[in-house]
Amino acid sequence: MNPTQPATGDTHLDALIAGLENEGLDPHGVVVVHRGREIARVEWAPYRLDAPALVYSVSKTFTSLAIGCLVADGLVDPRADVADYLDLPNPHGFRVHDLLTMSTGHSAEQLQDLPLDAATLLPTPPDLPRGTFAYSSPASFVLGEIVRAVSGQELTELLAPRLIEPLGLGPLWWQRWAEPGREPVEMGASGLHISVDDLATLGRLLLANGVWHGRRLLDPTYLDAMRTAHVPTADPAAPDDPAGQRNDWAHGYGYQVWLNREGYRLDGAFGQFVLVVPERELVIVYAGATTTTQATLLWRYADSLPPGPAPAGAVAGGDHGSMDDDDVAAPAVARESWSSRDALPGEAEIDLSGWRLDDAPGGSGSGSWLLTLPGQDHAGGEVRVGTDQWTRSVLTAATRDGTAQGTPDTLVVAARGEQREDGSVGIHVVVPTSPHRILLERTPGGELSGRWHIAPLRSPGLAILHTPPWLTNPAGQQ
């Protein structure tokens with residue numbers, strides 16, 4: 001593959017995509033849909049557009065859509081008291097709407113210390129007035145608890161016949177989470193593993209106001225409420241972006257989506273985005289790994305497109321009509337994340353106890369190594385590393401008992417390395433079912449050190465990146 005190959009044929013868009021690489025933003029995949037056609041499909045090895053990966057808080061919007069299904073069924077009312085659906089005390093009278101809009105009044109400082117647990121969130125007195133926004137994963141988690149309490153189903157079970165199967169999404173997997181003493185459940189706030197391609201499909205459905213091939217899948221009234229700015233999010237102390245606009249976290253918050261200067265977005269940590277811009281009949285899906293997420297939003301491209309002509313009511317979510325499979329014509333352009341390796345810093349320590357990096361048999365000085373992961377706190381085994389391509393390995397945790405097919409005990413890694421002129425070795429170990437990679441260095445004297453490019457949320461170890469075996473190789477692929 002040629003890292004300088006134009007990605008799309010659109011000079012402006014190609015320049016922006018090249019900038020993602022040159023600025024060290026670690027892009028993994030981009031899909032752009034304009035007026036019903038995919039005009040760009042770009043993937044950076046070892047990532048693939050069709051392979052599921054952790055999208056962090058993009059999961060929250062799927063939880064919101066599950067709530068929306070129950071609202072459409074008349075089983076949940078956003079204005080109702082949370083206690084109407086959960087058999088728990090709710091002394092502060094929080095409504096479902098307060099959870100959807102992250103406006104319970106709990107401060108950012110409080111939320112940092114609160115677990116993902118309704119029995120803890122609901123009785124905690126908020127420091128701020130209700131209606132004040134503070135980003136709240138605990139609130140999103142409680143929404144998932146409401147879905148389970150009302151429907152008797154997990155989030156993916158509820159969404160399967162209503163959204164996942166009609167759209168042909170999958171394979172996908174939602175990580176389970178439990179505080180000590182609780183039963184593990186699909187998180188609601190995070191944990192969804194889904195492909196960029198599938199997110200583009202969902203983006204097209206949202207752009208079409210919930211209609212797919214003439215069939216209504218999502219309630220338009222709920223979608224209108226979802227993409228309405230119910231609470232302000234602007235911070236007067238926050239700097240403006242380079243274009244002179246308020247930053248993209250300052251345009252208000254809807255029902256588990258952020259409002260943009262135009263349209264709205266699904267938003268996950270480290271640069272997982274689905275931008276839906278009805279004003280320009282545009283969907284942009286992006287996956288990557290950076291803490292400079294504002295730079296990845298590709299608004300410079302959105303701003304280059306003329307508004308409309310969109311059907312009447314499109315700004316409010318009008319029906320763009322069915323999206324035909326024949327409209328998906330753009331082939332994926334393969335680019336190489338290895339080309340930008342020198343621009344990717346290591347930002348967090350990782351414990352390498354028991355890790356070894358040896359020259360492969362017959363490979364001393366020729367650029368071939370054998371990396372051994374101990375498999376104590378996470379899946380372990382041997383990973384072969386070469387210089388000319390990424391080598392994929394599937395590691396299994398030693399605790400597998402063969403009884404639970406869905407047990408997240410598998411770790412997929414892709415590795416590539418280089419022998420430097422000074423005798424040192426540099427290796428990247430990517431976990432392609434997540435946004436994360438590890439940067440390893442071996443000195444000429446043989447000392448091994450490593451850092452996360454960006455560490456996983458909630459835990460700095462590899463175990464939290466385990467997935468079930470069927471996800472990583474559903475049909476002999478990836």
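1. Let's start with a strand pair: β17 (residues 369–373) and β18 run antiparallel to each other, joined over 5 bridges. Strands here are DSSP runs of E with at least two residues, helices are runs of H or I with at least four, and both are numbered from the N terminus. Two strands pair if DSSP finds at least two bridges between them.

2. A quick word on what you're looking at: this is a predicted model, where local features need pLDDT of at least 70 and side-chain atom pairs count only at pLDDT 80 or more, while totals for chains, interfaces and linings use all residues. Residues are numbered from 1 along each chain as its sequence is written, and side-chain values use heavy atoms, with hydrogens and water left out.

3. Back to the sheet. β17 belongs to an open sheet of 3 strands, in the order β16-β17-β18, with antiparallel pairing. The edges are β16 (356–359) and β18 (381–385), each of which pairs on one side only.

4. Now for the rings. The structure holds 8 aromatic pairs. Rings of Phe, Tyr and Trp (its six-membered ring) pair if their centres lie within 6.5 Å; planes under 30 degrees apart are stacked, over 60 edge-to-face, and the rest tilted. Phe-133 and Trp-258 have ring centres 5.5 Å apart and planes at 75°, so they meet edge-to-face. Phe-133 sits in the loop between α5 (118–121) and α6, and Trp-258 in strand β10 (residues 258–259), so this pair ties together parts 125 residues apart in sequence.

5. Trp-258 has another edge-to-face pairing, with Tyr-253: the centres are 5.1 Å apart and the planes at 80°. Ring pairs link Phe-133, Tyr-135, Tyr-253 and Trp-258 into a cluster. Are Phe-133 and Trp-258 buried or exposed? Both are buried. Tyr-253 is buried too, at 1% relative accessibility, and the value for Trp-258 is 8%. (Buried means under 20% relative accessible area, exposed over 50%, partly exposed in between, with a 1.4 Å probe and protein chains only.)

6. Finally, have a look at the largest pocket. Its lining has 32 residues, and Tyr-56, Ser-57, Tyr-135, Ala-269 and Leu-457 lie nearest its centre. α6 (137–151) and β11 (264–268) each supply at least two lining residues. A pocket is an open set of points on a 1 Å grid over the protein atoms alone, where a 1.4 Å probe fits, with protein on both sides within 12 Å along at least five of seven lines; lining residues have an atom within 4 Å of a point.
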